[in-house]
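Reader: I'm new to reading protein structures. Could you walk me through one?

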Amino acid sequence: MGYSMSIKSKFCPECGKTVKNLYESNCIDCYAENSKVKIPNKKNVLFCVKCEQIFNKGFWTNGDSNKILLDRIKKSVILPEKEKLISVRFGEDESSIKIKSKLESELIVRDVKGKFEVKKYCCPACSREMGVDYLAKLQLRSKDPNFVENALNYIRSSKPKISKVEYVAAGADIYLVNQQIARQASRRIKKHFNCHIKASYKAYGWDKEKDRPKQRITILLKQKERN
Ligand SMILES: [Zn+2]
Ligand SMILES: [Zn+2]
(Lines give C-alpha, C1' and ligand atoms only; values in the text may rest on other atoms or scores of the structure.)
(Ligands and ions follow the chains in the order given, each with its own letter.)
Protein backbone atom coordinates (compact mmCIF):
# COMPACT_ATOMS: atom_id res chain seq x y z
CA MET A 1 0.00 0.00 0.00
CA GLY A 2 1.00 3.58 -0.54
CA TYR A 3 1.01 4.26 3.18
CA SER A 4 3.60 1.61 4.09
CA MET A 5 5.72 2.72 1.09
CA SER A 6 6.09 6.19 2.54
CA ILE A 7 7.43 4.77 5.78
CA LYS A 8 10.07 2.66 4.05
CA SER A 9 11.34 5.13 1.45
CA LYS A 10 12.69 8.53 2.23
CA PHE A 11 13.11 11.69 0.28
CA CYS A 12 16.41 13.56 -0.17
CA PRO A 13 15.73 17.29 0.02
CA GLU A 14 18.93 18.06 -1.94
CA CYS A 15 18.41 16.09 -5.14
CA GLY A 16 14.83 14.88 -4.76
CA LYS A 17 15.76 11.19 -4.99
CA THR A 18 13.71 8.67 -3.04
CA VAL A 19 16.02 6.39 -1.10
CA LYS A 20 16.00 3.78 1.65
CA ASN A 21 18.35 5.52 4.03
CA LEU A 22 19.23 9.10 4.75
CA TYR A 23 22.55 10.26 6.20
CA GLU A 24 22.34 13.59 7.97
CA SER A 25 19.00 14.01 6.13
CA ASN A 26 20.55 13.49 2.67
CA CYS A 27 20.89 10.57 0.30
CA ILE A 28 24.36 8.98 0.33
CA ASP A 29 25.54 10.89 -2.77
CA CYS A 30 24.47 14.28 -1.47
CA TYR A 31 25.85 13.43 1.96
CA ALA A 32 29.24 12.55 0.40
CA GLU A 33 29.26 15.80 -1.53
CA ASN A 34 28.28 17.99 1.40
CA SER A 35 30.43 16.42 4.11
CA LYS A 36 34.07 17.37 4.46
CA VAL A 37 37.18 15.21 4.44
CA LYS A 38 40.16 16.92 6.01
CA ILE A 39 43.59 16.34 4.56
CA PRO A 40 46.79 18.40 4.47
CA ASN A 41 46.97 20.04 1.05
CA LYS A 42 50.66 19.26 0.76
CA LYS A 43 52.72 16.16 1.52
CA ASN A 44 55.91 14.89 0.00
CA VAL A 45 58.58 12.23 0.19
CA LEU A 46 62.26 12.79 -0.66
CA PHE A 47 63.67 10.28 -3.11
CA CYS A 48 67.37 9.94 -4.01
CA VAL A 49 67.74 9.59 -7.77
CA LYS A 50 71.14 7.87 -7.42
CA CYS A 51 70.61 5.10 -4.89
CA GLU A 52 66.78 5.21 -4.94
CA GLN A 53 66.60 5.46 -1.18
CA ILE A 54 63.90 7.41 0.58
CA PHE A 55 64.15 9.87 3.43
CA ASN A 56 61.85 8.44 6.05
CA LYS A 57 61.64 9.15 9.79
CA GLY A 58 65.01 10.90 9.78
CA PHE A 59 66.93 8.31 7.75
CA TRP A 60 67.67 7.40 4.16
CA THR A 61 66.32 3.89 3.73
CA ASN A 62 65.01 1.51 1.09
CA GLY A 63 61.33 1.49 0.39
CA ASP A 64 58.57 2.25 -2.01
CA SER A 65 58.29 6.04 -2.23
CA ASN A 66 54.70 6.01 -3.49
CA LYS A 67 53.64 3.68 -0.72
CA ILE A 68 55.31 5.80 1.94
CA LEU A 69 53.71 8.92 0.55
CA LEU A 70 50.29 7.27 0.54
CA ASP A 71 50.82 6.01 4.08
CA ARG A 72 51.64 9.52 5.20
CA ILE A 73 48.56 10.91 3.52
CA LYS A 74 46.47 8.07 4.94
CA LYS A 75 47.60 8.83 8.49
CA SER A 76 46.52 12.42 8.16
CA VAL A 77 43.09 11.90 6.62
CA ILE A 78 40.28 13.00 8.89
CA LEU A 79 36.91 11.63 7.85
CA PRO A 80 33.52 12.81 9.04
CA GLU A 81 32.45 11.05 12.19
CA LYS A 82 31.05 7.52 11.76
CA GLU A 83 32.93 6.92 8.49
CA LYS A 84 35.58 4.25 8.22
CA LEU A 85 38.60 4.63 5.96
CA ILE A 86 38.97 1.85 3.40
CA SER A 87 41.78 3.01 1.12
CA VAL A 88 43.81 5.95 -0.20
CA ARG A 89 45.09 5.87 -3.79
CA PHE A 90 46.58 8.35 -6.20
CA GLY A 91 44.20 9.87 -8.68
CA GLU A 92 44.99 10.66 -12.30
CA ASP A 93 48.01 12.75 -11.33
CA GLU A 94 49.90 13.94 -8.27
CA SER A 95 47.38 16.65 -7.53
CA SER A 96 44.54 14.40 -6.47
CA ILE A 97 43.89 11.31 -4.41
CA LYS A 98 40.96 8.94 -4.22
CA ILE A 99 39.72 8.26 -0.73
CA LYS A 100 37.42 5.30 -0.21
CA SER A 101 35.42 5.08 2.98
CA LYS A 102 32.42 3.34 4.42
CA LEU A 103 29.44 4.75 6.21
CA GLU A 104 27.34 1.93 7.63
CA SER A 105 26.85 -0.27 4.52
CA GLU A 106 27.45 2.48 1.95
CA LEU A 107 30.74 2.87 0.08
CA ILE A 108 31.87 6.45 -0.52
CA VAL A 109 34.59 7.48 -2.98
CA ARG A 110 35.88 11.03 -2.92
CA ASP A 111 38.49 12.79 -5.05
CA VAL A 112 40.50 15.19 -2.92
CA LYS A 113 42.83 17.79 -4.39
CA GLY A 114 46.23 18.62 -2.98
CA LYS A 115 49.92 18.70 -3.73
CA PHE A 116 51.37 15.26 -3.11
CA GLU A 117 54.74 14.51 -4.57
CA VAL A 118 57.82 12.34 -4.56
CA LYS A 119 60.63 14.89 -4.64
CA LYS A 120 63.83 13.98 -6.44
CA TYR A 121 66.99 14.54 -4.44
CA CYS A 122 70.54 13.44 -4.08
CA CYS A 123 71.08 11.94 -0.64
CA PRO A 124 74.12 12.99 1.44
CA ALA A 125 75.93 9.68 0.92
CA CYS A 126 75.58 9.85 -2.86
CA SER A 127 76.62 13.50 -2.92
CA ARG A 128 79.76 12.64 -1.02
CA GLU A 129 80.46 9.74 -3.34
CA MET A 130 80.15 12.00 -6.35
CA GLY A 131 82.72 14.24 -4.71
CA VAL A 132 80.81 17.41 -5.41
CA ASP A 133 82.50 20.26 -3.70
CA TYR A 134 80.70 23.20 -2.18
CA LEU A 135 81.58 26.81 -1.62
CA ALA A 136 78.57 27.93 0.33
CA LYS A 137 76.55 26.37 3.09
CA LEU A 138 73.13 27.64 4.06
CA GLN A 139 72.02 26.61 7.51
CA LEU A 140 68.24 26.77 7.67
CA ARG A 141 66.87 26.66 11.19
CA SER A 142 63.32 26.99 12.44
CA LYS A 143 60.76 25.52 14.77
CA ASP A 144 58.33 25.46 11.84
CA PRO A 145 58.62 22.04 10.14
CA ASN A 146 57.63 23.57 6.79
CA PHE A 147 60.35 26.19 6.80
CA VAL A 148 63.01 24.07 5.09
CA GLU A 149 60.77 23.14 2.15
CA ASN A 150 59.51 26.68 1.76
CA ALA A 151 63.03 28.11 1.91
CA LEU A 152 64.27 25.47 -0.55
CA ASN A 153 61.75 26.73 -3.08
CA TYR A 154 63.42 30.14 -2.94
CA ILE A 155 66.84 28.58 -3.37
CA ARG A 156 65.75 26.37 -6.25
CA SER A 157 64.13 29.26 -8.09
CA SER A 158 67.59 30.43 -9.13
CA LYS A 159 68.40 26.92 -10.42
CA PRO A 160 71.62 26.48 -8.44
CA LYS A 161 73.85 23.48 -8.30
CA ILE A 162 72.98 21.98 -4.94
CA SER A 163 75.61 19.48 -3.95
CA LYS A 164 73.72 18.18 -0.96
CA VAL A 165 70.87 18.71 1.44
CA GLU A 166 71.51 17.43 4.92
CA TYR A 167 68.68 17.33 7.41
CA VAL A 168 69.43 18.10 11.03
CA ALA A 169 67.18 18.23 14.06
CA ALA A 170 66.07 21.85 13.71
CA GLY A 171 66.26 22.28 9.94
CA ALA A 172 68.70 21.49 7.17
CA ASP A 173 72.12 22.37 5.76
CA ILE A 174 72.12 23.17 2.07
CA TYR A 175 75.46 22.91 0.27
CA LEU A 176 75.79 25.04 -2.82
CA VAL A 177 78.49 25.40 -5.40
CA ASN A 178 77.92 29.06 -6.16
CA GLN A 179 78.44 31.65 -3.41
CA GLN A 180 76.65 34.43 -5.22
CA ILE A 181 73.51 32.36 -5.63
CA ALA A 182 73.75 31.37 -1.96
CA ARG A 183 73.88 35.04 -0.93
CA GLN A 184 71.00 35.99 -3.21
CA ALA A 185 68.85 33.11 -1.99
CA SER A 186 69.55 33.89 1.65
CA ARG A 187 68.54 37.54 1.17
CA ARG A 188 65.29 36.39 -0.41
CA ILE A 189 64.63 33.91 2.39
CA LYS A 190 65.36 36.53 5.04
CA LYS A 191 62.93 38.92 3.42
CA HIS A 192 60.09 36.41 3.15
CA PHE A 193 60.43 34.49 6.37
CA ASN A 194 61.58 36.98 8.98
CA CYS A 195 64.94 35.42 9.75
CA HIS A 196 68.04 36.31 11.64
CA ILE A 197 70.96 36.12 9.25
CA LYS A 198 74.63 35.60 10.01
CA ALA A 199 77.42 34.97 7.55
CA SER A 200 80.87 33.65 8.33
CA TYR A 201 83.86 32.70 6.20
CA LYS A 202 86.35 29.94 6.57
CA ALA A 203 89.53 29.50 4.58
CA TYR A 204 90.04 26.07 3.10
CA GLY A 205 93.06 26.66 0.90
CA TRP A 206 95.11 29.23 -0.94
CA ASP A 207 94.12 30.66 -4.29
CA LYS A 208 97.50 30.97 -6.03
CA GLU A 209 96.14 32.91 -8.97
CA LYS A 210 94.53 35.62 -6.87
CA ASP A 211 97.07 35.26 -4.07
CA ARG A 212 94.50 35.12 -1.34
CA PRO A 213 92.78 32.45 0.76
CA LYS A 214 90.04 30.36 -0.80
CA GLN A 215 86.99 30.77 1.35
CA ARG A 216 83.79 28.97 2.00
CA ILE A 217 80.83 30.95 3.24
CA THR A 218 78.37 29.69 5.82
CA ILE A 219 75.11 31.59 6.12
CA LEU A 220 72.90 30.91 9.07
CA LEU A 221 69.22 31.68 8.55
CA LYS A 222 67.25 31.30 11.73
CA GLN A 223 63.58 32.01 11.62
CA LYS A 224 62.40 34.34 14.38
CA GLU A 225 59.79 32.89 16.66
CA ARG A 226 56.33 34.35 16.47
CA ASN A 227 54.87 35.55 19.71
ZN1 LIG B 1 20.41 13.50 -2.63
ZN1 LIG C 1 71.53 8.28 -2.56
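Author: Let's start at one spot: Val168 has Gly171 as its bridge partner in E12. Before going on, note that this is a predicted model, where local features need pLDDT of at least 70, side-chain atom pairs count only at pLDDT 80 or more, and totals for chains, interfaces and linings use all residues. Residues are numbered from 1 along each chain as its sequence is written, while chains are lettered from A and ligands numbered from 1 in the order in which they are written.

Reader: What do labels with E and H stand for?

Author: Helices (H or I, at least four residues) and strands (E, at least two) are DSSP runs, numbered from the N terminus.

Reader: And how many bridges join E11 to E12?

Author: Two strands pair if DSSP finds at least two bridges between them. Here six bridges join strand E11 (residues 162–168) to E12, and the two run antiparallel. They make a hairpin, with two residues between them.

Reader: Which residues of helix H5 are buried?

Author: First, the rule: buried takes 20 or more other C-beta atoms within 10 Å of the residue's own, exposed takes 12 or fewer, and partly exposed is in between, with C-beta atoms placed from the backbone. In H5 (residues 147–156), the buried ones are Phe147, Val148, Ala151 and Ile155. They cover an arc of only 90° around the axis, so they sit on the same side of H5; that arc is taken from the directions from the helix axis to the C-beta atoms. Asn153 and Arg156, on the other side of H5, are exposed.

Reader: What do the buried residues of H5 pack against?

Author: Contact here asks for C-beta atoms, placed from the backbone, within 7 Å. The buried residues of H5 pack against strand E10 (136–141), strand E12 (171–176), helix H6 (179–193) and strand E14 (212–223).

Reader: Now for sheets. What holds strands together in general?

Author: Strands of a sheet pair through backbone hydrogen bonds, either parallel or antiparallel. One open sheet here has four strands in the order E5-E4-E3-E9, and its pairing is mixed. Its edge strands, E5 (59–61) and E9 (115–121), each pair on one side only. From one strand to the next, the twist averages 40°. For angles like this, axes are lines fitted to C-alpha atoms (for helices, over the stretch in contact), and angles run from 0 to 180 degrees between N-to-C directions.

Reader: Which way do E3 and E9 run, parallel or antiparallel?

Author: Parallel: seven bridges join strand E3 (residues 42–48) to E9. Lys42 stands opposite Lys115 in E9, and Cys48 has Tyr121 as its bridge partner there. Helix H3 (residues 65–76) packs on this sheet, touching E3, strand E4 (54–56) and E9, and its direction makes about 155° with that of E3. E3 and E4, in turn, pair in the antiparallel sense over two bridges, with Leu46 opposite Phe55 in E4.

Reader: How many residues lie between E3 and E4 in their hairpin?

Author: Five, and Glu52 in the turn has a positive phi of about 65°.

Reader: What is the strand order in the open sheet of three strands?

Author: The order is E6-E7-E8, with antiparallel pairing. Strand E6 (83–90) and strand E8 (106–113) each have a single partner strand, so one side of each has no neighbour in the sheet. The twist averages 25° from one strand to the next. Eight bridges join strand E7 (residues 96–103) to E8, and Ser96 has Lys113 as its partner in E8.

Methods. Contact = placed C-beta atoms within 7 Å.
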